[in-house]
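Reader: I am new to this structure and would like to learn how to read its side-chain features. Please take them one at a time, giving the general idea and then the case at hand.

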Amino acid sequence: MLLLNRHQSRARLLKIVASPLLPPIHPAQYQGPSRVLARHPLPRPHRRADNPRFPLRPHLSKSRPELLLPKKRRHDFLRMNPTEIPLKSPANVTDLSVGDVEQVERALIDASTRVPVLMFYASAVVWLLLGTLLAAFTSFKLHSPDLLSNVSFLTWGRIRPAHLNVMLYGWASNVGMGTAIWLMARLCRTTLRHPLLLVTGGGFWNLGVLLGICGILMGDSTGYHWLEFPSYAAWTLFVGYSLIASWAVLMFRFRRGDPIYITQWYLLAAFLWFPWMYLAAQTMLFIVPVQGVLQAAVNWWYANNLLFLWFGSLALGTAYYMIPKVIGRPVYSYHLAAIGFWTYAFFASWTGMQRLVDGPFPAWMITASTAAMILCIIPVATVGLNHHMTMRGYFPLMRYSPTLRFTVFGAMSYTAFSVLGVIISLRSFARYLQFSEVSVAYSHLGLYAFFSMIMFGAMYYIVPRLVGREWRFASLIKIHFWASVYGIGLMTLMLLAGGLVQGLNMDNPALPFTESTQSVLPYLRGRSLSGILMTVAHFVFAYHFLLMLLGLGRTASVPTFLNPVNPEPGDVIAH
């Protein structure tokens, strides 16, 4: 770290507060563990067998008390202090020491992103609750179709797409954009100028979602999978996104320092990929529509890439930041991160048509998508290996850190989601499974077990830094986690088993079609039971989040641990 005397440090701190953009303070020796250096990686220090890679020196100051803790690696993450960020920019920094320079920089950045990020998070939680209720109703309608069947806007054909679009564009996109804005500001080391423009963009985005859901329930759906929003809602959505994405790109343009972190790669790529996919699909389906079966090809290309290039990139970029940041060590390998990113970008964009096996399409289109889906194992393997080697020796920390527990579970689900995608894309399996509930299980595994769990972990990390309080109850966090895990686990199991039975029965010419539909009903009832668990998880999380917004969180100098940390005399570790 750059050494400055007191006079120089005060002068630079005054310059930070006075300028709209933060000047470079130090050469980012430990700016964020999830970095990928753009030019020259730092030399690898000598590693002893009994020490973690890149051991960090504890930063001690008068304002941060010390904890007496054992030397075990599982307690290294106590160096993190989520409550060190004030709610507004410091009024007087002339008395701060050199060691507080990074804290002031983070405080200014967090103060600038506080309003828009919390707005995105609050909107996401509201849509999550609405989507959960719609999901429960949709699930019950599958095995009880006469439930409120005389109400037109509550029929399954309208509730189902409304639920999907609420979860995609209401919950997932809002929470993903809020997380990405905070991460980009932190890693670019620049304040967010004119945050109200981001709030305006978020307002347009949520208005577009609201118009789209109302249009679907009123029967104004387009009928295309994951593109059911009518045109007036789609264009409102696009205007809001333009305001949001342009600000993310501007932050990257005016970043401070040379390092470009792997998280920035994924986030910036996601912000550029989404408008390309959305505008291309809107153009080919509605503005200058293609003819015949090509509409199905465009639709599935968009749906698959929305899951991979938009939600998948946001989740992987967040995981690359959260895992190293919590445990206090850098990403294991720069080369694995680079290989994983570029292979993911290349192969994932070719997928989609494998969902149309045996359809009236040129054979090369189906084969190319199937081959690309198989080759997606390369980024899955590199990302999984990188995360595993980064976490090696630190897995016990999942007992204490909510962020780590949710993020690691999401990263592991990414592997399961990708392997399942490869299996159902093979022609021999697609013959039985492509029209069954297995496809639904695949979508839920990607959007919830992979993406949403990582986003929950990010919110548990980011929200305390924005509101200046700690999460109130560790018990509520544990209820949220285990209800979500058991809920999505049971749902995936029921849909996979029911889909396999359904597919085998549909392929049997001796059985009538009604027999195949009857055979899946017990599994659909099990799915409804899993939905109750997830409903409990979401309402518990929403209540906990509301306490944080109202300033009713804990005022403490240490994070909210899932389990008590028992101190032992003899070792001093700063938190």
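Reader: Which residues does W310 touch, not counting those up to four places away in sequence?

Author: Contact means heavy atoms within 4.5 Å. With sequence neighbours up to four places away left out, W310 touches S173, M177, Y241, A270, F271, F274, M277 and N305. This is a predicted model, in which local features need pLDDT of at least 70 and side-chain atom pairs count only at pLDDT 80 or more, while totals for chains, interfaces and linings use all residues. Residues are numbered from 1 along each chain as its sequence is written, and side-chain values use heavy atoms, with hydrogens and water left out.

Reader: How is a pair of aromatic rings described?

Author: The description uses the distance of the centres and the angle of the planes. Rings of Phe, Tyr and Trp (its six-membered ring) pair if their centres lie within 6.5 Å; planes under 30 degrees apart are stacked, over 60 edge-to-face, and the rest tilted. The structure holds 46 such pairs. In one of them, the ring centres of Y169 and W205 are 6.5 Å apart and the planes stand at 55°, so this pair is tilted. Y169 is in helix α3 (residues 156–188) and W205 in helix α4 (residues 195–217), so the pair links distant parts of the chain, 36 residues apart. Helices here are DSSP runs of H or I with at least four residues (strands are E, at least two), numbered from the N terminus. Y169 and W205 are both buried, where buried means under 20% relative accessible area, exposed over 50%, and partly exposed in between (1.4 Å probe, protein chains only).

Reader: What kind of aromatic pair do Y241 and W310 form?

Author: Y241 and W310 are edge-to-face, with 5.8 Å from centre to centre and 80° between the planes. Y241 belongs to helix α5 (residues 231–253) and W310 to helix α7 (residues 294–327), 69 residues apart. Both residues are buried.

Reader: Which residues touch the most other members of the largest nonpolar core?

Author: A nonpolar core is a set of buried Ala, Val, Leu, Ile, Met, Phe, Trp, Tyr and Cys residues joined through side-chain atoms within 4.5 Å. The largest one has 158 residues, and Y169, F274, Y302 and W310 touch the most other members. Helix α13 (residues 438–467) gives the largest share of this core, 22 residues.

Reader: How many salt bridges does the whole structure hold?

Author: A salt bridge is a side-chain nitrogen of Lys or Arg within 4 Å of a carboxyl oxygen of Asp or Glu. The search finds 3. One joins R189 and E105, at 2.8 Å from N to O. R189 lies in the loop between α3 and α4 and E105 in helix α2 (residues 101–143), so this bridge ties together parts 84 residues apart in sequence. R189 is buried, with a relative accessible area of 1%, and E105 is buried at 3%. Another bridge joins R186 and D110, with the closest N and O atoms 2.9 Å apart. Both R186 and D110 are buried.

Reader: Are D507 and R431, which also meet in a salt bridge, buried or exposed?

Author: The D507–R431 bridge has an N to O distance of 3.5 Å. D507 is partly exposed, with a relative accessible area of 29%, whereas R431 counts as exposed at 52%.
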